[in-house]
Amino acid sequence: MSVLTRRLVASLPGAAVAITTIAAGSLLWGLGTGAWARFSLGFFTQAPTGAGRTGGIAPMLFSTLVVVALALALAAPVGLGAALFLHDRLESARGAGRVLVRTGVDVLGAVPSIVFGMFGNALFVRTLGFGFSLLSGSLTLAIMIVPLLIRVVVSGLETTPEAHLQAGAALGLGRATMVRAVLLPAALPALVAGLVLGTARALAETAALLFTSGYADRMPASVWDSGRTLSVHIYDLTMNVPGGNASAQATAAALVLGVFIVELLASGIVLYISRGRSQGEDA
Amino acid sequence: MRKGARSWIWLGSMRSSRCADRLVRAFSALAALVSIAALVAIAAFVVQGALPFLLAEGGSAVVGSRWAPQAGSFGMAPLLVGSAVVSGLSVVLALPLGLLLAIFVHTRAETRGGRCARTFLVILAAVPSVVYGLWGLTAIAPLVRRLAPPGPSVLAASLCLAVMTMPTIAIMVDAAFRRLPRATVAGAAALALSPETAIWKVYVPAIRGAVAAAGIVGLARALGETMVVLMVAGNVVQFPTGPFASIRTLTANIGLEMAYAMDRHRSALFACGLLLLVAAMATAGAFARVERRVVRR
Amino acid sequence: MTKLELLPGGRQPRDVVQVESLSVNYGARVVLDGVSLRAARGRLLALLGPSGAGKSTLLHCLNRMTDLVPGCRVEGTIRLDGRDVHRAVPVTMLRRQVGLIFQKPNPFPLSIWRNLELPLREHVTSNRAELADRIEDVLEAVGLWKEVQGRLDDRAETLSGGQQQRLCVARALTLSPKVLLLDEPTSALDPVATRVMEDLITRLKSELALVMVTHDPSQARRLADDLAVLVEGPRGGGIIAEQGPTGQLLERPAHAMTVAYLGNWRSR
């Protein structure tokens, strides 16, 4: 390479960083101005007025909280159970069912979110008659985050040292004991991480909720009520409400802030758990 | 050591622990069954929804070029092409950018700048897609309009998707750099290669499988993404005539019309969903193949 | 066939474990090729031989740990107290009666107490007083009680390597096994801890049938009553070149392959 080409090549990564920084800066600037213009105590505690151009986002905050919490509560046991099913190193080494489930989970993880939305609409909203409701939305979201959860928990279970599994087998310890005493502690950080990733994914999801939990911007009275999540609110303000951009950006700022707080909390928890463990080993 | 028969105690407690084992096993098998059932149900509902339309119109509908629900014509070719063009262009934009970012992060891994960049990527990867859509509509589309109206277009949507998928690609490529065998790194150092030569002539070729895998992941995300294209691509049903043309993708089409579609129209939308599902399966299969090759090497 | 010595009392020692023409394959690879041996209560049988001769695999067959290895096929019979372990004994029951100590100490990442409590609760008792009783007994038996008496709630990883290995023995003893399998139990220990462990093994011999894998003929001489020398057979799988009482076998090896294997050691 000539000196010139080498200089050019060497400067490429820096240029890419510059482009990304500009793009991200413009994105965050938009959110920042939105937040600056609209953030106040009332924004978080009041109902929207003027189709969301004014007023607050309290019902959306509440709906989001309910949908996400319910989705996690539904997905967590399924994710944990299926991960335990897939983690076959405890059992004798046969099982075609596991290959089937593993493939199925991979495929489920690749389904586009709008297809989850269609499915949720067809099954929960119409066939089961739950209507546009928080329940329909969280069931749909739960199915969506299950593959993610399974993948993360399986990778956590795989960190269990072989020696502990062998020790358990040599003592004739049953699956229940091994799960409780050895596997779950080993997989705990992964489970937390998986739940957080699931939360972030659920918070961010819009397409799957458009036709399941619906648009209603009232405060939902129960899980059978329709409720508008923050992400759906952002979409609606941007596309259907002329002059709604400022509110959309303020809501987006709130949503992004929420996602970051969740991620920050999670990495803190994971760090705390793993540090507590390694301290136990060092002492 | 205590001796003597304890067989009755053994039997008693054995039974109870067997019961707990059976419970755990039943619970995990049930959970696995639920996740498989979910997949089967999704496929079944989408196929069932699409069936009336497919039976009535046959495969010809897919290649029809006019989508006009009021007129009862449901040609999906423009939507399909729209999806392909937007997501393809986004990968073409995002892959080099992601690769370069990964190189930046990797070569400065231990410096403050590298750590900052890595954190920054993780943060960007966590931004919800609807926020990217909002940004695309308020920042990118006006920019594109200055070049050529109307603004919301193939280019705007692809740019926006590229920025959205780029962090994921960069994180995956960076992870592949970090998995490089010590021997490869030491070998490059032993030859006293300049950093640029080492990266472009040794490291990048060594991880080309992982780069391909990252590209496929980016493609899959772009293909399945609804919100960004719905907000930024313009939503006009037509074959793209250029980068500044407004188009509509399969996902956006479902997002726009699902809320009010009835009967044949609704069934046609499910057919769109089926097309998407097939496309997603194809990319997932491609990813699995590439990943298996990467792992095997 | 093994020549059996008579015990001092003149009684025939009772064979707890009988292995007959045992063959093991991992996929297409032959690991063991027609091995037969016996282990009796009150005696220690050492499996000696070069690495790759299938010693560990043979040991792991005895409590069916090989079930956990994908693609592993076991043929032949193994009897525990005359009962076929593949047909007449549930695997959990087998592993309770046949304990296994690994090369590296592998306590669970839990407290010392929990390590011993887990197998007890699973198989023996959940009565708090009985548990405490038993745990004291087994810790006493491995000589750990005085050392860990006041710190049973400390994590097992805080113990030294030698202590961890003895904790693992104690954990196996909680189930009152008939047989204890030892897979090079001192290979990860320093010389002092090895001495302590060897003393413990000698003490355990009075109550149990012991089968130990070792690659060190000196250790076999110090500890073993009987010896089986495994070498690589004609088909690649391990075969028993020779077996018999330790002293006799080490002094006057009859088989050419034993002589060849022991040659290295004897010349030292």
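1. Chain C holds 10 helices and 10 strands (DSSP runs numbered from the N terminus, helices being H or I with at least four residues and strands E with at least two). The radius of gyration of chain C is 19 Å, close to the 18 Å of the globule rule for 268 residues, so chain C is as compact as a globular protein of that length. That radius is taken over C-alpha atoms, and the globule rule is 2.2 Å times the number of residues to the power 0.38.

2. This is a predicted model, in which local features need pLDDT of at least 70, side-chain atom pairs count only at pLDDT 80 or more, and totals for chains, interfaces and linings use all residues. Residues are numbered from 1 along each chain as its sequence is written, while chains are lettered from A and ligands numbered from 1 in the order in which they are written.

3. The C-alpha trace of chain C spans about 55 × 45 × 40 Å along its principal axes. Of the 268 residues in chain C, 51% are buried (20 or more other C-beta atoms within 10 Å of the residue's own, with C-beta atoms placed from the backbone).

4. Between chains A and B, 68 residues of chain A are in contact with 66 residues of chain B (C-beta atoms, placed from the backbone, within 7 Å). Helix H1 (residues 3-38) of chain A gives the most to the side of chain A that touches chain B, with 15 residues.

5. Chain A has a mean pLDDT of 88, and 94% of its residues reach 70 or more (pLDDT is the predictor's confidence in each residue, from 0 to 100).

Key
Two residues are in contact if their C-beta atoms, placed from the backbone, lie within 7 Å. A residue is buried if 20 or more other C-beta atoms lie within 10 Å of its own, exposed if 12 or fewer, and partly exposed in between; C-beta atoms are placed from the backbone.
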